[in-house]
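Hi everyone, thanks for coming.

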Amino acid sequence: MSNLAIKVDDVAKLYRLGVKEQTNEHLGGAIAGFLKSPLKNYRKYRSLYRFDDVLARDKDDTRVTEDVLWALNGVSFEIEPGEVVGIIGTNGAGKSTLLKVLARITPPTRGRVEIYGRVSSLLEVGTGFHPELTGRENVYLNGTILGMRKREIDRKFDEIIDFSGVEKFLDTPVKRYSSGMRVRLAFAVAAHLEPEILIIDEVLAVGDAEFQKKCLNKMQDVGQEGRTVLFVSHNMPAVTRLCPRVIMLDGGKLLRDGPVDEVVSAYLHAGRGTSAIREWKDPQQAPGSDAVRLRSVRVKSEQGEIKEGVDIRKPVGLEMEFEVLQGGHQLMPYYTLFDEHGIIIFSSIDQDAEWRNRERPLGRFISTAWIPGNLLTEGSYYVRATMRTLDRKMRHFDEREVVAFTVIDAFEGDSVRGDWVGRMEGVIRPMLQWETRYLPASAPAETAAS
Amino acid sequence: MSSTPDRHTARTVITAPSGWVPIDFRELLAYRDLFGFLVWRDIKVLYAQTVMGFAWAILNPLIQIIIFSIIFGKVANLDTDGIPYVLFSTVAIIPWTYMSESMSTSSQSLVTGQTMLGKVYFPRIIFPLTPILAKLVDFSISLVLLIGVLIFYQIAPTWNLLYLPLLVLLMMAVPAGAGLWLSALAIRFRDVKFAMPFVIRMLIYSAPILYTASSIPEQYRLLYSLNPIVAVIEGYRACLLGLPMPWEYIFPGALVALVLFLSGAYYFRKMERVFVDVI
């Protein structure tokens, strides 16, 4: 018996990208192309899984491989039994591909994976649910699809139904369920898998907030039972809470592998600006009215960098650039901040005294609202940018989810959490002033007197 | 992906695909509950929200028998070696209905279930084999029609009936082999979907379903016997009507069916590892 749970050795995965169709300018060429197309199509479909041409090339060959993509390239790591490991990375980093290789859904193009123990992989909840079957029947079907035996499901059936909270609808076809109920039932089945190794994708991004909490707790239990868990997610707070070790992928390569605080701060300092900025280059396309148009919204650090991942301790600036096209309006830039569950954290109106109760002249304005550090809790936030006037019904523009950012707690000891690494609850995480008075035990009389 | 779960340490090795892999019967055995539930799902869902329900399993062949009996029996007046045309066609159309339906469902099984392929691992071979078992329910129900016709024409059972289980096996092997080949091809080339209805309609003329095997000229008989559907149809007819068993069709047909099934299984195993990448 090996002392490893998972061994990933130099795994690579190639995908073939779509190649641009050849177009013909002349009728003759078009007819010839049409006649040749079955052969061309055959070659195209065959090339989807054959990479002899690419693999035969030298590793150092710098020729541009225009039509292939290395979704994974030389990834190696080892996981010991009982470890809970998070895998993070931006979109396209290779997280999902790695997961699919480990779950045996797609083979690697190169390399080798060894897994020791019974594996269950959860890439989505409710795989194989059939709308015509009842809740009870789907529990059995879904359970066996996930690798459970019928006996095992018989034994856990009551527990599964309890967890899902849909006992009243057990004999109703699933097509009559609300989507929330379906998800609950599906997750309940998944939560009762008892593999030695559990590979999970972002299945937690489903259901309402209360149910998500239940799921996170359940996952924490799984980790504490000594099972090996591999957790792939964008949800930073969930990763930091659940996984002591984190692997970060970027562009198909393993960028970092280490304790959660190290990797998460690396992620933080990597400063990716994907959805932290939104610009409208063409004024005709920009949202707005005849009087004012929104030109861009940005999430900025104190240093003026555009940042998607922001340090929990540092202020964040929400910057809105708009163009006034028609004079004579009093304008009130207005932000609403939502968390990932859609809860409004706050709204804020431009406080700049210089422009209050004053008509704006033609030209461009840049308004920035600063959210202080040590106020928001960990997680992702979505900004809604609105241009109001004193007339309550009038909005020149109103853009939901115009930009987003993620607040990350880097675990460096000087944030609100101090040295605590466990869960912290609450919608906000303000830095409060704490006072401690110490009354030495040697002077009981004095205490009584005061 | 060659994945070999080792019994002692439950070790799974995942590597790049290479070469041919035989069917992993031990793994298939471990997934027998899933196989069972998928078969049962197909049965349960097939006639969901229909008024007629399982009566469709009888209506479908019944209507075919009526039409064929009128056109080929009455209008064209085909010679059937003295057997009443309704009886002649019923014993053939019932197994043919099973074979054609399970073959077309099996060939589309991977395309229909493609979302599941991309989300979870299980032995893929379960998919094309599920309809082979699920359609047996329809077949069993349609036997009621067959028995009714046999009683109407006062056909007494003979010892030939003992060959029936063998013929049922052969009848399942043909669509299973075809289904393995076609489902693996269909996921790469959707042409299969368009070709199937046409091919099935043509196949009915490739076997002695509407006409007698004896009307095939002597010199083509050997070639004709290589069609396993001929073996099944002629076998059923002899077995149910107490005619001499047509071994000259059954042996070659069974051999071809076996080759079709084994080659289908190997081709399927070779291709299954790349299914998800070519969907």
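Before we start, one definition: a helix axis here is a line fitted to C-alpha atoms over the stretch in contact, and angles run from 0 to 180 degrees between N-to-C directions. Please also keep in mind that this is a predicted model.

Let's begin inside chain B. Find helix α3(B), residues 56-75, and helix α4(B), residues 85-112. Their axes lie 9 Å apart, and the helices pack at an angle of about 140 degrees. Angles over 145 would count as roughly antiparallel, so α3(B) is oblique to α4(B). The crossing of these two helices is right-handed.

Who makes the contact? From α3(B), the residues include Ile65(B), Phe68(B) and Phe72(B), and from α4(B) they include Val86(B), Ile93(B) and Ile94(B). Across this helix contact, eight residues are nonpolar, seven are polar and none is charged.

Now let's move to where the chains meet. Chain A brings 36 residues to the contact, and chain B brings 31. On the chain A side, the elements giving two or more residues are β4(A), β5(A) and α4(A). Which one of them gives the largest share? That is β4(A), with six residues.

Technical notes: Residues are numbered from 1 along each chain as its sequence is written. Chains are lettered from A and ligands numbered from 1 in the order in which they are written. This is a predicted model: local features need pLDDT of at least 70, side-chain atom pairs count only at pLDDT 80 or more; totals for chains, interfaces and linings use all residues. Helices (H or I, at least four residues) and strands (E, at least two) are DSSP runs, numbered from the N terminus. Angles under 35 degrees count as roughly parallel, over 145 as roughly antiparallel, 65 to 115 as roughly perpendicular and the rest as oblique. A crossing is left-handed if the near helix is turned anticlockwise from the far one by less than a right angle, and right-handed if clockwise. Two residues are in contact if their C-beta atoms, placed from the backbone, lie within 7 Å. Ala, Val, Leu, Ile, Met, Phe, Trp, Tyr, Cys and Pro count as nonpolar, Asp, Glu, Lys and Arg as charged, and the others, Gly among them, as polar.
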